[in-house]
Amino acid sequence: MTIRRVGVVGCGLMGSGIAEVCARAGYEVVVREVSRVLLDGGLARIDASLRRGVERGKIEEAAARRAREAIRGTITLADLAESDLVIEAVIEKMAEKQAVFRELDGLCPPGTIFASNTSSLSITELAAVTTRADRVVGMHFFNPVPVMTLVELVRGLQTSEETLEAARGLAVSVGKTVVVAKDYPGFIVNLLLVPYLLDAVRALELGVASKEDIDTAITLGLNHPMGPLTLLDFVGLDTTYYIAEAMYAEFRDARYAPPPLLKQMVLAGRLGRKSGRGFYEYGRS
Ligand code: CAA
């Protein structure tokens with residue numbers, strides 16, 4: 001099937017990046033947020049990223065302008081009804097994602113493909129609230145979306161080959177390398193990443209070392225671009241907490257249980273870069 005119009009639900013960290021890379025690849029994009037304030041914030045993030053792309057010589061100024069013009073923001077979900085494929089990138093909570101899919105199912109023609117950017121939740125469970133389980137697929141992008149070149153495709157129990165191939169085509173056309181996982185909590189990346197991030201918080205909690213030394217050890221000792229606590233701030237402590245909760249609910253394995261310090265930081269509003277403070281302090285963006 002041919003995809004020309006892409007809908008994106010959510011214009012947060014991930015949704016704005018997904019909208020941007022799709023528009024850069026020539027798709028018409030409609031992105032929806034729940035309020036004008038959040039939408040304006042998301043569109044400003046896209047503007048800033050396109051500007052950075054131009055400054056870094058990754059995109060021509062005219063192409064950046066065309067990409068921006070190809071993105072329409074809305075606060076009305078029905079404006080996504082004409083999309084060939086809709087990517088959901090709302091908060092990492094099953095009930096919220098299912099509510100989006102249930103509503104979209106009533107708005108979009110039966111042929112529209114629904115993709116979820118979930119990083120841990122079951123695609124089969126999301127698909128169950130729709131009348132098109134064969135047309136629901138996982139498309140997991142990585143943050144920052146314009147820079148990270150991976151997309152994990154997730155095949156739900158009922159995802160059709162045609163749907164998987166359409167999602168693959170879209171991911172490849174926006175410049176990403178694709179890996180395919182079955183519908184298993186955490187898929188490939190978070191199955192391995194989440195216990196590591198949680199262990200870093202536990203190491204800090206136990207007083208094994210300072211946060212700086214934990215991050216320096218991993219950055220220099222393993223040649224990672226960021227230490228785990230910096231990466232947690234980057235991904236969002238709330239997002240990581242929700243992912244860990246979802247994985248723990250599935251596995252009942254202590255490796256996935258969020259440590260008390262992580263929960264406390266989320267409750268205290270220390271969500272990482274996006275709130276100006278997590279393990280480290282940041283200027284508000
Ligand atoms: N558009 C296009 N390209 C851009 C860009 C933009 N808006 N902004 C930056 N770039 C390019 C830069 O030009 C540069 O390219 P070159 O290497 O060719 O020069 C590259 O992206 C890196 O940019 P910077 O030099 O600004 O950044 P950096 O070197 O300081 O690296 C980083 C920043 C990419 C974030 C790096 O620290 C990193 O890779 N960190 C780890 C990120 C990570 O692990 N993300 C995954 C998190 S897990 C997740 O997302 C999923 C989940 O479910 C939790």
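**View A. Pairing of strands E7 and E8.** In this predicted model, Leu-153 stands opposite Val-180 in E8. E7 and strand E8 (residues 177-182) run parallel and share six bridges. Two strands are called paired if DSSP finds at least two bridges between them. Helices (H or I, at least four residues) and strands (E, at least two) are DSSP runs, numbered from the N terminus. From E7 the chain passes through helix H6 (residues 161-173) to E8, a right-handed β-α-β crossover. Right-handed means that, with the strands pointing away from the viewer, the path from the first strand over the helix to the second runs clockwise.

**View B. Pairing of strands E6 and E7.** Strand E6 (residues 136-141) and strand E7 (residues 150-155) are antiparallel partners, with four bridges. Gly-138 stands opposite Val-154 in E7.

**View C. Two backbone features in loops.** Asn-143 and Pro-144 are joined by a cis peptide bond, with omega about 0°. Pro-144 sits in the loop between E6 and E7. Phe-187 is not a glycine, yet its phi is positive, about 55°. Phe-187 belongs to the loop between E8 and H7.

**View D. The shell around the ligand.** The ligand has 21 residues around it, and Arg-56, Lys-58, His-140, Asn-143 and Asn-190 come nearest. A residue counts as near if one of its heavy atoms lies within 4 Å of the molecule. The shell has eleven nonpolar, six polar and four charged residues. Ala, Val, Leu, Ile, Met, Phe, Trp, Tyr, Cys and Pro count as nonpolar, Asp, Glu, Lys and Arg as charged, and the others, Gly among them, as polar. Helix H2 (36-55), helix H7 (189-205) and helix H9 (228-235) each give the shell at least two residues. Domain 1 (5-182) and domain 2 (190-274) each contribute at least three. These bounds come from an automatic or database domain assignment.

View E. A ligand oxygen lies 2.8 Å from a side-chain N or O atom of Arg-56. For Asn-190, the distance from a ligand oxygen to a side-chain N or O atom is 2.9 Å. A ligand nitrogen is 3.3 Å from a side-chain N or O atom of Arg-24. The protein covers 67% of the 1,100 Å² of accessible area that the ligand has on its own. A polar contact here is a pair of N or O atoms within 3.5 Å. Accessible areas come from the Shrake-Rupley method with a 1.4 Å probe.

**Notes.** Residues are numbered from 1 along each chain as its sequence is written, and side-chain values use heavy atoms, without hydrogens and water. In this predicted model, local features need pLDDT of at least 70 and side-chain atom pairs count only at pLDDT 80 or more, while totals for chains, interfaces and linings use all residues.

Terms used
A polar contact is a pair of N or O atoms within 3.5 Å; within protein, one must be able to donate a hydrogen and the other to accept it, and residues adjacent in sequence count only if both atoms are side-chain atoms.
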